[in-house]
Amino acid sequence: MMENKRLRPVWILFFIYLIIYFVICLGLRNQQFLWLELACLSMVISIYLLIKNKMPKKQSIIISLILALLYLVSNIYQFNIFSVFHGILVFLSSCASFSVFEKYSERSLRFVRNEKKKDILISIIIGIVCGIVWGGINYFLMIGSNPLVPTNVFKAFLVALNPAVMEEISCRCIFFAFCLYMAGGEIKHGVQSFTVWFMMIVPHILPHILFNTATGIFESIVSFLISLVLYIVVFGYLFAFLQKKRDIFSAMIAHGVVDWIRFCIFGLPF
């Protein structure tokens, strides 16, 4: 029972996030503000974890810098002040996650499952295969309601680095690290395990859905819940599963391939 109480602050923070989410949906009706809210939440968690655990080892800082640079490169076609903010966020959330993982190494996620070339290759293959399969699923889900807008393959690849890096590190990995730290490095079955899966999936999914009451309260709630479940089943669970059961690297590749396929066929998101 005491173990479950350790994660109570995680749920309190999530419900605060949820309240602000609905305020933005009903008041501002702007999806970009939903992503900004999630980024701010991630920034708060990252700073908190860094204060508690300090910076990670040199190798982890280098990896974090590389990830931040990759993110900045992905914004070459839409670079602005928010690109700088998110680049800093990627660096800090990566460092914060590594600082927790170094403290609780037995229960942590791995950036790569193993540094052997064979294992890295396996992670790449798993990521590509999962990305192609789920990219195909996404194609069939979108084809009925979205026009075809063929895009330059290389340009689509660069832009796809954006969600592959930022969303997997700053919108998913950091939430696992936060749960692991608050649980004292011991994630057990039951409520703790559910909390971890929930926090790795739902906060990241919510900005994809703009709750709208234009069709009526009941219809809006039903539509919102259907969209939420669909995102969880089709996409959210896959990337969280890859992070937990394989490594962060494979999840990043899978996420990038899914979005690369979407951008190539349906155009860039700007």
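1. Searching the whole structure turns up 22 aromatic pairs. Rings of Phe, Tyr and Trp (its six-membered ring) pair if their centres lie within 6.5 Å; planes under 30 degrees apart are stacked, over 60 edge-to-face, the rest tilted. This is a predicted model: local features need pLDDT of at least 70, side-chain atom pairs count only at pLDDT 80 or more, and totals for chains, interfaces and linings use all residues. Residues are numbered from 1 along each chain as its sequence is written, and side-chain values use heavy atoms, with hydrogens and water left out.

2. Take Phe14 and Phe198. They pair edge-to-face, at 5.1 Å centre to centre and 85° between the planes. Phe14 belongs to helix α2 (residues 8-28) and Phe198 to helix α8 (residues 191-205), so the pair links parts of the chain 184 residues apart. Helices here are DSSP runs (H or I, at least four residues), numbered from the N terminus. Both Phe14 and Phe198 are buried, meaning under 20% relative accessible area; exposed is over 50%, partly exposed in between (1.4 Å probe, protein chains only).

3. Tyr139 and Phe266 make a tilted pair, with 6.0 Å between centres and 35° between planes. Tyr139 lies in helix α6 (residues 117-142), Phe266 in helix α10 (residues 248-266), 127 residues apart. Tyr139 is partly exposed, at 28% relative accessible area. Phe266 is buried, at 11%.

4. One aromatic cluster contains Trp11, Phe14, Phe15, Tyr17, Phe194 and Phe198.

5. A charge also meets a ring. The charged end of Lys155 sits over the ring of Tyr77, 4.7 Å from its centre. The test is NZ of Lys or CZ of Arg within 6 Å of the ring centre and within 35 degrees of the ring normal.

Key:
Helices (H or I, at least four residues) and strands (E, at least two) are DSSP runs, numbered from the N terminus.
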